[in-house]
Amino acid sequence: MSVLILSKKNPASRPYQEWLAGAGPLFLLAAAGTGPKDPSGWAWCEEFADYNRNSAVEIRAAHLGQEHKVRRVVSLSEADVVRAAQIRQWLGLPGQSVESALAFRDKHRMKTLAFEAGLAVPRFRAVDCAGEVVDFAAEVGGPVVVKRRSGSGSVGVRVLADRREVERWVAELCTAPDDPWGLLAEEYVDAPLFHVNGIMAGGRILHAWSGTYARPPLNALETGRARTVVMLPPGSGLVRGLEEFTASVISVLPPVDEPTSFHAELFRAADGSISLCEIASRTGGRGINDIARLAYGVDLDQCSARGQAGLSVELPTPSPPTGGLFGSLTLPPRPGELVDVPLTCPLPGVVSYRPRPASGTPVETSPVDPSGYVATAVVTGATPREQAERMQMVEQWFYGQARWRRPATVRGAEPSAP
């Protein structure tokens, strides 16, 4: 018996062979350029170009499953949630079902299930043509948000203030009437965004902690600022409310039987009411797993991988975090080529600092790529405010130290003669 692993990201940061020791032979299907440098210890390794959309991944998975008696499928990336479930269904394997995967991936299905169960959800509508967006904006009578039904990381999210902006945005799309939109329109919620992270199984939460953002994710993406996660002190009424609401959402969605990580985002209005933004059956990004490891000794990815592989998962009994509160920030690149990056961070409260590329490395600078970053850091703080203040210090320090060569110089372009 063996385990199939789907990996969009470099498995070097996820030691599957250590995590899944004793699970049997491991088969790896990975995105091009992310496979292990040393294939020893793997029963099979194969890389695929255009990984997210390449159906050859599923075909190879089916062949491996039938030929090598694959008994479990493991995936940790958002892009693989539905794919892994479809492979399980194809091979008749246990694990998260297609029905469950779609509920945690398709925001329209997710919010419909939550709404039908009586949970608070901003007004929403699946939109497939220009007229539906315009009509929804008129119905709401205020700002609306348009996003991909299966998107993540705030990519492609647009906040449209009024009907004029809606009509301008629709005109810019330049799509044919029969092109599939796959979009969701939502009522804009003017309230702070919080998140709850942890491990779930069988429709209930096994472990959880809550946080917020020092800077809203969409704002950070649009302005090119650091993306930030702030941990909240456990046990407060705010945290209890967030985690109770999240437990209600998980209880009404099609369950994942095995221990699996989750990341929920919630709005909390000034009157204390909570509503669902979205929830995913995978570990949150922006340093959330770093915080979980430091605060609770829980590696959310490891727990999820072991749970999906049918192995036991050990979680601590509910207790306060060790070492205080932790916050994380992810630093995006500036335009150009990174030519000098600080290797260490001397600022107070910094417990982890990792520059991603080496100096002189060309860096993707697209503002719509949430995975584009040049360094990450984790800080401690006695309060959420102190975490945020220290993260701001790190951000200012980093961009004062790092140096980029402008794009024209990178291309070797010279001014043309007059």
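The following questions and answers concern a predicted model.

Visitor: How are the axes of α4 and α5 oriented: roughly parallel or roughly perpendicular to each other?
Guide: The axes of helix α4 (residues 98-105) and helix α5 (residues 107-116) come within 5 Å and cross at roughly 95°. Angles of 65 to 115 degrees count as roughly perpendicular. The two helices, α4 and α5, are therefore roughly perpendicular.

Visitor: How many residues of the contact of α4 with α5 are charged?
Guide: On the α4 side, the residues are Leu-102, Ala-103, Phe-104 and Arg-105. They meet Lys-107, Arg-109, Met-110 and Leu-113 in α5. The residues of this contact comprise 5 nonpolar, no polar and, as charged residues, 3.

Visitor: Which element gives the largest share of the lining of the largest cavity?
Guide: The structure holds 2 cavities of 30 Å³ or more, and about 90 Å³ of space lies in the largest cavity. Elements giving two or more residues to the lining of the largest cavity are α3 (81-91), β12 (260-268) and α11 (300-308). The largest share, 3 residues, comes from α11.

Visitor: How many polar residues are in the lining of the largest cavity?
Guide: This cavity is lined by 13 residues, and Ser-75, Gln-96, Thr-260, Ser-281 and Gln-308 lie nearest its centre. By class, the lining has 2 nonpolar and 3 charged residues, while the polar residues number 8.

Visitor: Which element gives the largest share of the lining of the second largest pocket?
Guide: The volume of the second largest pocket is about 350 Å³. Two or more lining residues come from each of β10 (204-212), α9 (237-252) and α10 (288-296). The largest share, 6 residues, comes from β10.

Visitor: How many residues in the lining of the second largest pocket are nonpolar?
Guide: The second largest pocket is lined by 21 residues. Those nearest its centre are His-207, Ala-208, Tyr-296, Pro-318 and Ser-319. Split by class, the lining has 6 polar and 2 charged residues, and the nonpolar residues number 13.

Visitor: Is Ala-382 buried or exposed?
Guide: Ala-382 lies in the loop between β17 (375-381) and α12 (384-401). Exposed means over 50% relative accessible area. Because its relative accessibility is 63%, Ala-382 counts as exposed.

Visitor: What separates the C-alpha atoms of Ala-382 and Gly-349?
Guide: Ala-382 belongs to the loop between β17 and α12. Gly-349 is 33 residues from Ala-382 along the chain. The separation of their C-alpha atoms is 10.0 Å.

Methods:
Residues numbered from 1 in each chain as written. Predicted model: local features only at pLDDT ≥ 70, side-chain atom pairs only at ≥ 80, totals over all residues. Heavy atoms only, no water. Axes fitted to C-alpha atoms, helices over the stretch in contact; angles between N-to-C directions. Helix = DSSP H or I, 4+ residues; strand = E, 2+ residues; numbered from the N terminus. Parallel < 35°, antiparallel > 145°, perpendicular 65-115°, else oblique. Contact = heavy atoms within 4.5 Å. Nonpolar A, V, L, I, M, F, W, Y, C, P; charged D, E, K, R; others polar. 1 Å grid on protein atoms, 1.4 Å probe; cavity = no way out; pocket = protein on both sides within 12 Å on 5 of 7 lines; lining within 4 Å. Points joined across faces, edges and corners; volume = space filled by probe spheres on them. Buried < 20%, exposed > 50% of the residue type's maximum accessible area, 1.4 Å probe, protein only.
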